[in-house]
Amino acid sequence: MKSIKILLVAVLIAFSNTVSANEKNPVEDKVKISVISKQIQKLLANPNFPVEQNFFVKVKLAVNNNNEIVVLSVYSEGNKETIEAFIKSRLNYKKLTSKAEKKVFIVPVKMISL
């Protein structure tokens, strides 16, 4: 019985150490995503085609080792070829000013008609 209690305490201590070692700061992650989102917003400003109605586009992108944006796919409702070409030409291989993790992001983009 005593050995079971000691084993249980040892397992709990080991588990608590691994949980505290993997702790991330979610506020810091949200700030980084916000900064990346604002940079993407600036890059996509003033499209070179008329936007006749408001619509949403989901852009799946990754950040590579050189801290550059790589557009993986574009999901849109409107003129898919024009929108995809516009977004890829504006975003592909543009450097981010802030350091970002090398992972895949899905960014919602709202196109507004003026």
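**A guided tour of the predicted protein chain**

Begin by colouring the protein chain by pLDDT, the predictor's confidence in each residue from 0 to 100: the average is 76, and 71% of the residues score at least 70. This is a predicted model, in which local features need pLDDT of at least 70, side-chain atom pairs count only at pLDDT 80 or more, and totals for chains, interfaces and linings use all residues. Residues are numbered from 1 along each chain as its sequence is written, and side-chain values use heavy atoms, with hydrogens and water left out.

Next, display the secondary structure. Helices (H or I, at least four residues) and strands (E, at least two) are DSSP runs numbered from the N terminus. The protein chain holds three helices and three strands, in the order α-α-β-β-α-β along the sequence.

Select residues 2-21, helix α1, which has the lowest mean pLDDT among the elements, 56. Where pLDDT is low, the predicted coordinates should not be read in detail. Then select strand β2, residues 69-76, where the mean pLDDT is the highest, 90.

Now show the whole chain. Of its 114 residues, 26% count as buried, meaning under 20% relative accessible area with a 1.4 Å probe, protein chains only.

Terms used. Buried < 20%, exposed > 50% of the residue type's maximum accessible area, 1.4 Å probe, protein only.
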